[in-house]
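This report describes the fold of a single protein chain for a reader who is new to protein structure. Please keep the sequence and the model in view while reading.

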Amino acid sequence: MKIKEDFILRKVADSYVVVPVNKMTLDFNGIINLNETGAFLFELLQKGAERDELVDKMLEEYDVDREKAEVDIDVFIQKVRDADVLE
């Protein structure tokens, strides 16, 4: 999985936002707000990480059990898909 090139992640104060750039500004209205964990996953997806790698990295970075990480990642991936941010 990979995030489309026309979306960038920026930290604004204590929040993270994803905004469209280039041609995507015509098709995508608004921004996506993320928490720290969402930004962490988004950055991994920008590098082309697959679900299993997301789970492994989340377990390394955060104090969470595998089942909870898998559920949360599945929800995150679905939301990113619904927003049409994945290639």
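The account below moves from the whole chain to the sheet, the helices, the core and some individual residues.

**Basis of the report**

This is a predicted model, in which local features need pLDDT of at least 70, side-chain atom pairs count only at pLDDT 80 or more, and totals for chains, interfaces and linings use all residues. Residues are numbered from 1 along each chain as its sequence is written, and side-chain values use heavy atoms, with hydrogens and water left out.

**The chain as a whole**

The chain contains four helices and three strands. Helices (H or I, at least four residues) and strands (E, at least two) are DSSP runs, numbered from the N terminus. Along the sequence, these elements follow the pattern β-β-α-β-α-α-α.

The C-alpha trace spans about 40 × 30 × 20 Å along its principal axes. For 87 residues, a compact globule would have a radius of gyration near 12 Å, and the 13 Å of the chain agrees with this. The radius of gyration is taken over C-alpha atoms, and the globule rule is 2.2 Å times the number of residues to the power 0.38.

Of the 87 residues, 36% count as buried. Buried means under 20% relative accessible area, exposed means over 50%, and partly exposed lies in between (1.4 Å probe, protein chains only). A contact means heavy atoms within 4.5 Å. Among contacts between residues at least 6 apart in sequence, 45% join residues at least 24 apart.

**The sheet**

In what order do the three strands form the open sheet? The order is E1-E2-E3, with antiparallel pairing. Strands E1 and E3 (32–34) are the edge strands, each pairing on one side only. From one strand to the next, the twist averages 30°. Strands of a sheet pair through backbone hydrogen bonds, either parallel or antiparallel. Here, two strands are said to pair if DSSP finds at least two bridges between them. The two pairings are set out below.

| Strands | Sense | Bridges |
|---|---|---|
| E1 and E2 | antiparallel | six |
| E2 and E3 | antiparallel | three |

Individual partners can be followed across the sheet. Leu9 has Val18 in E2 as its bridge partner, and Val18 in turn has Ile32 in E3. Val12 stands opposite Ser15 in E2.

E1 and E2 form a hairpin with two residues between them. Ala13 lies in the loop between these strands and has a positive phi of about 60° although it is not a glycine. Is Ala13 buried or exposed? It counts as exposed, because its relative accessibility is 66%.

**Helix H2**

Helix H2 packs on the sheet and touches E1, E2 and E3; its direction makes about 150° with that of E1. Such angles run from 0 to 180 degrees between N-to-C directions, and axes are lines fitted to C-alpha atoms, for helices over the stretch in contact.

The buried residues of H2 are Gly38, Ala39, Phe40, Leu41, Phe42, Leu44 and Leu45. They pack against E1, E2, E3, H3 and H4. At the start of H2, a side-chain oxygen of Asn35 reaches to within 3.1 Å of the backbone nitrogen of Thr37. Just after this helix, Gly48 takes a positive phi of about 90°.

**The nonpolar core**

A nonpolar core is a set of buried Ala, Val, Leu, Ile, Met, Phe, Trp, Tyr and Cys residues joined through side-chain atoms within 4.5 Å. Which members of the largest core, with its 25 residues, touch the most other members? They are Ile3, Phe42 and Leu54. The elements that give two or more residues to this core are strand E1 (7–12), strand E2 (15–20), helix H2 (36–46), helix H3 (51–61) and helix H4 (66–82). The largest share, six residues, comes from H2.

Not counting residues up to four places away in sequence, Ile3 touches Phe42, Leu45, Gln46, Val80, Val85, Leu86 and Glu87.

**Helix H4 and the segment after it**

Val71 is found in helix H4 and is partly exposed, with a relative accessible area of 46%. Val71 and Ala83 are 12 residues apart in sequence and 19 Å apart in space, C-alpha to C-alpha.

Asp84 is placed in the segment after H4. This residue has a positive phi of about 60° although it is not a glycine, and it counts as partly exposed at 46% relative accessibility.

Note on methods
Polar contact = N/O pair within 3.5 Å; in protein donor to acceptor, adjacent residues only side chain to side chain.
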